[in-house]
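Q: How should I read the features of a model like this one? Please take them one at a time.

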Amino acid sequence: MFESLSDRLSGVFDRLTKQGALSEDDVKTALREVRVALLEADVSLPVARSFVKSVQDKATGQAVTKSVTPGQQVVKIVHDELVNVLTGEGEPGHLKIDNPPAPILMVGLQGGGKTTTTAKLAKRLKEVNGKRVLMASLDVNRPAAMEQLAILGKQIEVDTLPIVPGQRPVDIAKRAKQQAAMGGYDVYMLDTAGRLSIDEELMAEVEAVRDVANPRETLLVVDGLTGQDAVHTAENFDERIGISGVILTRMDGDGRGGAALSMRAVTGKPIKYVGLGEKLDAIEEFHPERIAGRILG
Ligand code: GDP
């Protein structure tokens, strides 16, 4: 087990003599701990470095108030800066889905949780936002994946586009668009095919679908436990397809949440939701404070 960062920071400071202000040396000692803890939480090195630098600038010279120990004070500065970076621009959970039918493109690698998350989000849009949702699977190479979405749709009582064998992903996207318009749906969600890794064929396919659907939101679903791989995946998809937000899955696992910090810092894209389990209501809006708390331990 790791000793938590909060405890380590308090320890470092409580060994120092009480002074009127945080000195540069005090702050440097503490920030070494912060950097190690961030790396242990799977934050990438450049992100950890620049994070530490900004905390250093904020903490040096700060007056130590009487009510808290210097350790607690630095923990607070680190916490606030984590929340600051994680929050960034944009409202978590907010999706641009006015002007029906609004297309949402779901992208990501196979096994990241894309199909499950499509259903989770559809259920949420229906129950929380009162939207009529249509879901369509575009994974023509894996009939089982298309079946999976249909089964999930039945479970949550959300319509799925009927499966027509032999169609290409762009044909399915066009059919979904038509059906959504004719059927009076508010939103239609396109669950694109995943691959085990990023390849040209996958990207070309998703790109073609994007051009047909002209999505209002393009959400990348990635496994939050894969840390820096998740960040590379996001960079790749954003460069090629352009994503509007990220959904981090498996945040119910015991990862420390570092992927979220790197994701925000590297891609600049908002994390809109987090997946918290296999059940279809195990999704919630992203809360920066919760991840900050988790990284701090
Ligand atoms: P896809 O290949 O990206 O479409 O992935 P799936 O939606 O089929 O999900 C793969 C597995 O991950 C399934 O067993 C899901 O139940 C599971 N899964 C998806 N999201 C989460 C999550 O947030 N937490 C946990 N623990 N499991 C998840």
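A: Start with pairing: two strands count as paired if DSSP finds at least two bridges between them. Note also that this model is predicted.

Q: How many bridges join strand E6 to E7, and do the two run parallel or antiparallel?
A: E6 (residues 245-249) and E7 are joined by three bridges, and the two strands run parallel.

Q: Which way does strand E8 run relative to E7, parallel or antiparallel?
A: E8 (residues 283-285) is antiparallel to E7, and three bridges join them. Here Gly-275 has Ile-283 of E8 as its bridge partner.

Q: How many residues of E7 are buried?
A: As a general idea, side chains in a regular strand alternate between the two faces of the sheet. A residue is called buried under 20% relative accessible area. In E7 (residues 271-275), five of the five residues are buried, so the strand is largely enclosed by the rest of the structure.

Q: What percentage of the protein chain counts as buried?
A: The figure is 50% of the 297 residues. The chain exposes about 13600 Å², and carbon and sulfur atoms supply 50% of that area. Its secondary structure consists of eleven helices and eight strands. Along the principal axes, the C-alpha atoms fill a box of roughly 75 × 40 × 30 Å. Among contacts with a separation of 6 or more, 77% are between residues 24 or more positions apart.

Q: Which residues come nearest to the ligand?
A: There are 17 residues around the ligand, and those that come nearest are Gly-111, Lys-114, Thr-116, Arg-250 and Asp-252. For polar contacts, look for pairs of N or O atoms within 3.5 Å. A polar backbone atom of Gly-111 is 2.6 Å from a ligand oxygen. Gly-112 also has a backbone N or O atom 3.2 Å from an oxygen atom of the ligand. Gln-148 places a polar side-chain atom 3.3 Å from a ligand oxygen. The ligand taken alone exposes 590 Å², of which the protein buries 82%.

Q: What should I look for in the backbone angles?
A: Most residues other than glycine have a negative phi, and most peptide bonds are trans.

Q: Which residues does the cis peptide bond join?
A: The bond is between Pro-100 and Pro-101, with omega at about -5°. Pro-101 lies in the loop between helix H4 (70-87) and strand E1 (102-107). Asn-99 lies in the loop between H4 and E1, and has a positive phi of about 55° although it is not a glycine.

Q: Is Asn-99 buried or exposed?
A: The cut-off for exposed is over 50%. Asn-99 has 57% relative accessibility, so it counts as exposed.

Q: Where is Glu-157 found?
A: Glu-157 sits in the loop between helix H6 (143-156) and strand E3 (159-160). Its phi is near 55°, a positive value in a residue other than glycine. Glu-157 counts as exposed because its relative accessibility is 63%.

Notes
Residues numbered from 1 in each chain as written. Predicted model: local features only at pLDDT ≥ 70, side-chain atom pairs only at ≥ 80, totals over all residues. Heavy atoms only, no water. Buried < 20%, exposed > 50% of the residue type's maximum accessible area, 1.4 Å probe, protein only. Helix = DSSP H or I, 4+ residues; strand = E, 2+ residues; numbered from the N terminus. Near = heavy atom within 4 Å. Polar contact = N/O pair within 3.5 Å; in protein donor to acceptor, adjacent residues only side chain to side chain. Areas by Shrake-Rupley, 256 points an atom, 1.4 Å probe, with all protein chains shown as cover. Contact = heavy atoms within 4.5 Å.
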